[in-house]
Amino acid sequence: MWSFFHKLGSPPWLFQISGQILRWLLPITVVALVVGAAWGLLFTSPDFRQGNSYRIIYLHVPAAVVSLAGYYVMAIAGAISLIWKMKMADIAMLAAAPVGAALTFLALVTGAIWGKPTWGAWWVWDARLTSMLILLFLYLGVIALYEAYENKAAASKACAVLALVGTVNIPIIYKSVDWWYSLHQPASIKFTGESTIDSSMLYPLMLCIAAFYALFTCALLANMRATILDRERKTGWVQRLVSEDA
Amino acid sequence: MYFDSVSSLIAMDGHGAFVWSAYGISAVVLIALLVAPMRRRRRLMAELKGEARRAAANSANSLEAEVS
């Protein structure tokens with residue numbers, strides 16, 4: 001167990017293992033995304049009230065779900081780097097921020113496009129929508145804060161603190177549709193009790209959510225690999241890698 | 001398949017513009033998420049290779065200078 005953590009903190013090991021993971025996870029991700037999108041677009045029936053516009057669900061829900069999961073990854077990695085000064089956790093935190101920001105952006109944009117034909121408005125200052133907008137600003141805040149510092153060790157610390165403080169927003173996002181009167185519908189998929197979505201729509205949605213999780217993992221690892229290479233450029237193992245690759 | 005023709009697939013009963021723009025924007029963002037870090041790594045690798053080549057050339061030059 002401890003040797004695993006020890007390895008996890010080793011840049012060459014992480015660089016190598018993440019390359020191996022990407023080699024099979026990346027093709028799986030692409031296939032799952034294409035199949036999931038095609039299934040949702042072509043092979044499901046329209047919603048009986050929303051018609052075909054509901055097909056945006058196959059992008060909107062996965063993007064929103066994984067943007068929240070990504071925030072956990074960023075905050076937990078931030079906590080680990082703050083407490084144990086683990087270099088790789090710091091890299092993971094910084095790698096998660098742009099991916100999470102992009103997925104939050106997607107959730108907001110697809111939501112707006114879905115809102116127009118369904119609610120009659122692109123945007124409303126609703127609790128769910130506003131708390132998701134705050135999530136986007138938290139992600140962008142972490143990125144901007146890191147760029148703002150000259151001293152990168154101090155920058156990482158500040159980013160980790162911001163990421164941790166921002167976690168108060170996460171339960172607000174989850175509960176916003178229950179706490180406030182909201183245009184946004186409550187969750188249709190429930191872990192306890194019966195889901196209020198037909199299985200013909202649930203299965204492609206599940207596939208899309210899994211595909212988005214896989215995509216997040218791929219993008220996170222790819223980001224980490226680039227940063228590891230950059231930070232370790234003066235070390236022997238990178239020099240060897242460079243000469244072997246030539 | 002639910003749609004019986006390509007034109008009905010594109011139109012989506014009047015929701016086509018919304019659905020297709022959502023899928024288009026998502027495709028662009030998701031592809032960029034995967035391609036950008038890989039391009040960054042490749043560019044970095046090329047840069048490091050260039051540095052290594054220059055360093056090797058420099059040390060070869062200084063070696064020649066010492067010999068002559």
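The axes of α4(A) and α5(A) cross at roughly 150° and come within 9 Å. That angle is over 145°, so α4(A) is roughly antiparallel to α5(A). Bear in mind that this is a predicted model.

**Chain A overall**

- Read from the N terminus, the elements of chain A go α-α-α-α-α-α-α-α-α.
- The C-alpha trace of chain A spans about 60 × 35 × 35 Å along its principal axes.
- Chain A has 246 residues, and 40% of them count as buried.
- If you take the contacts in chain A with a separation of 6 or more, 76% of them come from residues 24 or more positions apart.

**α4 against α5**

- The crossing of α4(A) and α5(A) is left-handed.
- On the α4(A) side, the contact is made by A:L94, A:A97, A:P98, A:G100, A:A101, A:T104, A:F105, A:A107, A:L108 and A:G111.
- On the α5(A) side, the residues are A:L129, A:M132, A:L133, A:L135, A:L136, A:Y139, A:L140, A:V142, A:I143 and A:Y146.
- By residue class, the contact of α4(A) with α5(A) divides into 17 nonpolar, three polar and no charged.

**α5 against α7**

- Helix α5 of chain A covers residues 127-148, and it packs with α7(A) at an angle of about 165°, the axes being 8 Å apart.
- That makes these two, α5(A) and α7(A), roughly antiparallel.
- Their crossing, α5(A) with α7(A), is left-handed.
- From α5(A), the residues in this contact are A:A127, A:R128, A:S131, A:M132, A:I134, A:L135 and A:L138.
- From α7(A), they are A:N169, A:I172, A:I173, A:S176, A:V177 and A:W179.
- The tally for the contact of α5(A) with α7(A) is nine nonpolar, three polar and one charged.

**α3 against α6**

- α3(A) and α6(A) have axes 8 Å apart and pack at an angle of about 135°.
- α3(A) and α6(A) are therefore oblique to each other.
- The crossing of α3(A) and α6(A) is left-handed.
- α3(A) brings A:M74, A:A75, A:G78, A:A79, A:S81 and A:L82 to the contact, while α6(A) brings A:S156, A:K157, A:C159, A:A160, A:A163 and A:L164.
- The residues of the contact of α3(A) with α6(A) split into eight nonpolar, three polar and one charged.

**The nonpolar core**

- The largest nonpolar core has 73 residues, and the members that touch the most others are A:I56, A:M74, A:A92, A:M93, A:A96 and A:L215.
- Each of these elements supplies at least two residues of this core: α2, α3 (57-84), α4, α5, α6 (152-166), α8 and α9 of chain A, together with α2 (16-67) of chain B.
- The largest share of this core comes from α4(A), with 18 residues.
- Leaving aside residues up to four places away in sequence, A:M74 touches A:M93, A:A96, A:A97, A:G100, A:V142 and A:A163.
- As background, nonpolar side chains tend to be buried together in soluble globular proteins.

**Two residues to look at**

- A:N169 is found in helix α7 of chain A, which takes in residues 169-179.
- Not counting residues up to four places away in sequence, A:N169 touches A:S131, A:I134, A:L135 and A:L138.
- The C-alpha atoms of A:N169 and A:G19 are separated by 33 Å, and the two residues are 150 residues apart along the chain.
- A:K85 is found in the loop between α3 and α4 of chain A.
- A:K85 has a positive phi of about 55°, although it is not a glycine.
- Because A:K85 has 13 C-beta neighbours inside 10 Å, it counts as partly exposed; exposed would need 12 or fewer.

Note on methods. Residues are numbered from 1 along each chain as its sequence is written. Chains are lettered from A and ligands numbered from 1 in the order in which they are written. This is a predicted model: local features need pLDDT of at least 70, side-chain atom pairs count only at pLDDT 80 or more; totals for chains, interfaces and linings use all residues. Helices (H or I, at least four residues) and strands (E, at least two) are DSSP runs, numbered from the N terminus. Two residues are in contact if their C-beta atoms, placed from the backbone, lie within 7 Å. A residue is buried if 20 or more other C-beta atoms lie within 10 Å of its own, exposed if 12 or fewer, and partly exposed in between; C-beta atoms are placed from the backbone. Axes are lines fitted to C-alpha atoms, for helices over the stretch in contact, and angles run from 0 to 180 degrees between N-to-C directions. Angles under 35 degrees count as roughly parallel, over 145 as roughly antiparallel, 65 to 115 as roughly perpendicular and the rest as oblique. A crossing is left-handed if the near helix is turned anticlockwise from the far one by less than a right angle, and right-handed if clockwise. Ala, Val, Leu, Ile, Met, Phe, Trp, Tyr, Cys and Pro count as nonpolar, Asp, Glu, Lys and Arg as charged, and the others, Gly among them, as polar. A nonpolar core is a set of buried Ala, Val, Leu, Ile, Met, Phe, Trp, Tyr and Cys residues joined through C-beta atoms within 7 Å.
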